[in-house]
Structure formats: C-alpha cells, structure tokens
Amino acid sequence: MASGSWEEFFAVHLPPTDFEDNRSLLKEFCERHDQYGNKIVLVTSGGTTVPLEHNTVRFVDNFSAGTRGAASAEYFLEHGYAVIFMHRQKSLEPFTRNFTGQKLFDMLDLQDRGPNTTITVKQDSVFVLAPVLQRYQAAHAAGALLHVAFTSVSEYFWLLRAACELLARTGPRALLYLAAAVSDFYVPKDRVPTHKMQSASGPPVIQLHLVPKMLAPLVNLWVPEAYVVSFKLETDENLLIPKARAALEKYKHKMVVANMLQTRHQRVILVTPDANQEIVLSREEVHAGIDIEGVIVSDIVRAHGAHMGCGAPPSCAR
Ligand code: 9Z3
C-alpha cells in the first residue's frame, strides 16, 4: 500500500461512529429507487473540516455555505431524480435554505389567548411559504430525498465511498454532483494530539499533508458507469479553466463546473472534453432572486440524459 494513497487513508482512518447507520439508509434508498429504474443523484455539499485534536476543539475548515448543493438538490428533485443530499452538518439544506435566520419567525403571527393560543402564517407570507412547503412535503412523501451528514474530511470520504459503491448497480442512471468544498490538506491521524493543544506549550507547529485524490478510484473503481461532475473553485481567474481542464484530463470524468469564489452565484463555466460553456446571470436575474443552480442543473440533466443513451429519461417512479 503506497504511502499517501487512498487505500492507506481508509486503512488508517476508522469509519465514523454513525457510519453503519448511514450506510443502511443509503443502501435502502439506492435499492428502492434502483428497483423502479429511477435516476439517482448524489449531491455533496458544504465544507469539510480537518481536526487539529482528536477531542476536537480546533479545526481547519473549507469555505462553503452549502448554498450551491442545497439549491441544486431542489432542482434535481424537480427533474424527477431521487436525491442523496450528503452535506456538512449544519450547512444549508434543501427547502429550509429559503428561510434562514429570522425569516421564518417574521412570517408568523402569534395570537396569545392562553390555552387557546394560535400561530398563523401572515397572509402576505402564505404565497412565499406555501410553494416551498408543498415541494418539501411532496419530496418527503415520495421518499425521494435522503439526508446524510459529515463534518470532517475523513467522515466525508467514508460516506462518499459507501454511497458510490451502493450506486454502482444503478449504472449510467447514477449522477454524481460533487459540489462539497473538500480539503486538499489534512493532518495525518498519528500526528494529531489526543487532547486540546495548550498555549503553555508554546506556539504549535502544524504541518498539513496532502489528501489523496479520491476522484481517481471513484471514477475508475467505485462507480465507473456514473455521470460524474466535479467542481473547481479558484480565486485567481487565470488558473480557473486550466485547472478545470487538467482535472478533466487527469480523472477522465464527464464535467467540471468551474467557479470563482467571488462570483460563484452569478457565473460558472461548464467544462467538458469538447467545450467551455459559460452560464452568467444578468443583474436583473440576480436581483429577481433567480438561482444559477436551476440553469446548471438543467444543463447537467440534459448531458446526463445523453449519457444514458436517451434524450428524455422517464421521471422518478415511486
Ligand atoms: C464548489 O466549487 C462550489 O461551487 C462552492 C459553492 C463550494 C464554491 P457555496 O456552498 O459555494 O454555495 O457557498 N465546490 C467544490 C470546491 C472544491 O473543493 N473543489 C476541489 C478543488 O477545487 C476539487 S473536488 O480542487
């Protein structure tokens, strides 16, 4: 087993404590939808942490609010997909992402009548809440949405491999949409102290090591027939397309969605072996609250349809 390889990573890092529970949920979900011939998408979302202590007080984090993943999951449901939403604990989630902070409470009216107290939705908020609630309830009633959560990069990899292996039998009907911001660096297990680092010991020296690239085994071994889309995040525009294209050539998957940190919600480039397709929202569209994820997902659904060998695949049967 080569040092720094993905095999070594899994040999050294134990599965998370809730791994078997999550694996059972994933198995049931994949088998149920596979049986109906449904398309299944794995959406990963949010950032991964790199713990600096085993009993973790401090950690290094990767930036991501989970907006991209949570919004995209909703659009995949609209396109008839069964959705595995694999997300960073406490990052944004489909449907509830629309009502963060005080927004939900601001929509409610309280009539304080002692034992007959009632809470109602304000009339002008009904039209905002109702369509989202309807879509949320429909997705859950149909069993079309499964949530599984991770925090650290090692938890992410354990869940990712399990989901991929279970999706292998779905063949080309499986779609991977890897929007999570995954750390490139970590502290190997044997270098992580058990307890909270003490300032009395002086300034700590922390050396980060490279995380093994999981896209290689994912594409070649775990889920070889799936349509795999990865994301490339940069802050230097000059690196964006060259790095996206390099990833595509190296891992031989189907598409890289390239985006800049600063403009990620208005502009992305879909990089495929044949083309760079830019998607840009106009100022008016941004103002009107249009999600760029609606456009990204429509284009990917079309490409996935072609990958499956039919232009308009059937929608999700339950
Ligand atoms: C992305 O590039 C996502 O689009 C964002 C979305 C994380 C920027 P938000 O959650 O942001 O809406 O706030 N995700 C992938 C980032 C990543 O880690 N890519 C790796 C890389 O760039 C390759 S897998 O090297």
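This is a predicted model: local features need pLDDT of at least 70, side-chain atom pairs count only at pLDDT 80 or more; totals for chains, interfaces and linings use all residues.
Q: Why is Lys252 called partly exposed?
A: Lys252 has 13 C-beta neighbours inside 10 Å. Exposed requires 12 or fewer and buried requires 20 or more, so Lys252 counts as partly exposed.

Q: What makes the phi of Lys252 worth noting?
A: The phi of Lys252 is positive, about 60 degrees, although Lys252 is not a glycine. Most residues other than glycine have a negative phi.

Q: Why is Lys90 called exposed?
A: Lys90 has 10 C-beta neighbours inside 10 Å. The cut-off for exposed is 12 or fewer, so Lys90 counts as exposed. Lys90 lies in the loop between S4 and helix H4 (103-106), and Lys90 also has a positive phi, of about 70 degrees, without being a glycine.

Q: What makes S1 and S4 a pair of strands?
A: Pairing needs at least two bridges. Strand S1 (residues 40-45) and S4 have 6 bridges, in the parallel sense. Leu42 has Ile84 in S4 as its bridge partner.

Q: How do you know that S4 and S7 pair?
A: S4 and strand S7 (residues 145-150) share 6 bridges in the parallel sense; the partner of Val83 in S7 is Leu145.

Q: What makes S11 stand out in the shell around the ligand?
A: S11 gives the most to this shell, with 4 residues.

Conventions:
Residues are numbered from 1 along each chain as its sequence is written. Helices (H or I, at least four residues) and strands (E, at least two) are DSSP runs, numbered from the N terminus.
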